[in-house]
Every structure is written in C-alpha cells, then in structure tokens.
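Subject: Handing over a structure

Dear colleague,

I am passing the structure below on to you, and I would be glad if you could read through the notes that come after it.

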Amino acid sequence: QVQLEESGGGLVQAGGSLRLSCAASGLTFSSVVLGWFRQAPGKEREFVAAIIWGITDYADFVKGRFTISRDKVKNTVYLQMNTLKPEDTAVYYCAAEMSGRWDVHSNHHEYDFWGQGTQVAVSS
C-alpha cells in the first residue's frame with residue numbers, strides 16, 4: 001500500500017525559509033514521478049515542482065526560490081522553500097505518479113497517490 005506523509009509546514013515571515021518533507025512507503029522510489037502541488041483557499045490545485053531520477057522541473061513562480069530533491073535511502077522527497085512570499089500561502093501536497101510518465105508531471109489529475117497535505121502560511 002502506497003503512503004505519502006508530508007511534514008515541515010508552518011508559519012513563517014516573508015523572506016523566510018521552510019523545508020517540507022514527504023516520506024514515501026510502498027513504492028519503488030526511483031521509478032515514479034514525485035511531485036509537489038499546492039492549493040490555496042478558493043483556488044485550483046497547482047503544480048509546484050517534480051522530480052524523477054535526476055530530472056527536475058518547477059513552476060515559473062518558484063524557479064530560483066524552491067528546490068526539490070530526494071533521498072533514496074530514506075525514501076523521502078524534500079521541497080526547500082526560500083524567499084517565501086505571502087502568495088506562497090497554501091496547503092502543500094506531495095504526490096506520486098506511478099507509471100513514471102514525465103510528460104504529465106505538471107498535471108495533478110495524472111497522479112495516483114497523494115499525501116494529506118501540510119499547511120504553509122507566510123505573513124507579510
């Protein structure tokens with residue numbers, strides 16, 4: 001059974017940093033697409049970042065500020081978030097796309113498993 005569990009959210013001032021973690025179990029870590037998405041109140045869920053093997057991609061609004069990485073030994077994927085802005089406030093979710101299809105990595109409808117989410121709040 002695949003399980004994803006996020007942690008690391010919280011309240012931070014604008015310009016600050018947070019590191020989100022997503023511990024994965026029940027999957028072969030190296031052969032799936034792992035993604036981070038976020039959803040703010042009243043808005044659609046949106047793509048933030050994704051990784052497979054050594055390939056990464058980011059939404060334009062986080063490029064240069066956020067970094068996705070993974071630890072294959074710990075089966076954990078991370079999202080390092082720097083220079084946070086109030087508009088980054090959202091619930092952040094990690095997700096797994098089990099077929100390893102990189103061409104759909106930014107489409108949340110294509111992901112098979114989701115964590116419960118972790119709240120990130122950035123004050124101005």
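Predicted model: local features only at pLDDT ≥ 70, side-chain atom pairs only at ≥ 80, totals over all residues.

Residues are numbered from 1 along each chain as its sequence is written, and side-chain values use heavy atoms, with hydrogens and water left out.

The disulfide

Taking a disulfide as a pair of cysteine sulfur atoms within 2.5 Å, the count comes to one. This disulfide joins Cys 22 to Cys 94, with 1.9 Å from S to S, and it ties together distant parts of the chain, since Cys 22 is in strand S3 and Cys 94 is in strand S9, 72 residues apart. Strands here are DSSP runs of E with at least two residues, numbered from the N terminus. The link of Cys 22 and Cys 94 is right-handed, with 50 degrees about the S-S bond. Both Cys 22 and Cys 94 are buried, where buried means under 20% relative accessible area, exposed over 50% and partly exposed in between, for a 1.4 Å probe and protein chains only.

The nonpolar core

A nonpolar core is a set of buried Ala, Val, Leu, Ile, Met, Phe, Trp, Tyr and Cys residues joined through side-chain atoms within 4.5 Å. The largest one has 37 residues, of which Trp 36, Leu 79, Met 81 and Tyr 92 touch the most other members. Several strands give two or more residues to this core, among them S3 (18-25), S4 (33-39) and S11 (118-123), and S5 gives the most, with six residues. Contact means heavy atoms within 4.5 Å; leaving aside neighbours within four places in sequence, Met 81 is in contact with residues including Leu 18, Phe 66, Tyr 92 and Val 120.

The aromatic rings

Rings of Phe, Tyr and Trp (its six-membered ring) pair if their centres lie within 6.5 Å, and planes under 30 degrees apart count as stacked, over 60 as edge-to-face and the rest as tilted. The structure holds five such aromatic pairs. The rings of Phe 37 and Phe 47 have centres 5.8 Å apart and planes at 70 degrees, so this pair is edge-to-face. Phe 37 is buried at 0% relative accessibility, and Phe 47 is buried at 10%. The rings of Phe 37 and Trp 114 have centres 5.2 Å apart and planes at 55 degrees, so this pair is tilted; Phe 37 is in strand S4 and Trp 114 in strand S10, 77 residues apart. Ring pairs link Phe 37, Phe 47, Tyr 93, Tyr 111 and Trp 114 into a cluster.

A charge sits over a ring if NZ of Lys or CZ of Arg is within 6 Å of the ring centre and within 35 degrees of the ring normal. Arg 45 lies over the face of Tyr 93, at 3.9 Å from the ring centre, and its charged end also sits over the ring of Trp 114, 4.7 Å from the centre.

Two single residues

Thr 76 lies in strand S8 (residues 76-81) and is buried, with a relative accessible area of 9%. Glu 110, in the loop between strands S9 and S10, is partly exposed at 30%.

With best wishes

Technical notes:
Helix = DSSP H or I, 4+ residues; strand = E, 2+ residues; numbered from the N terminus.
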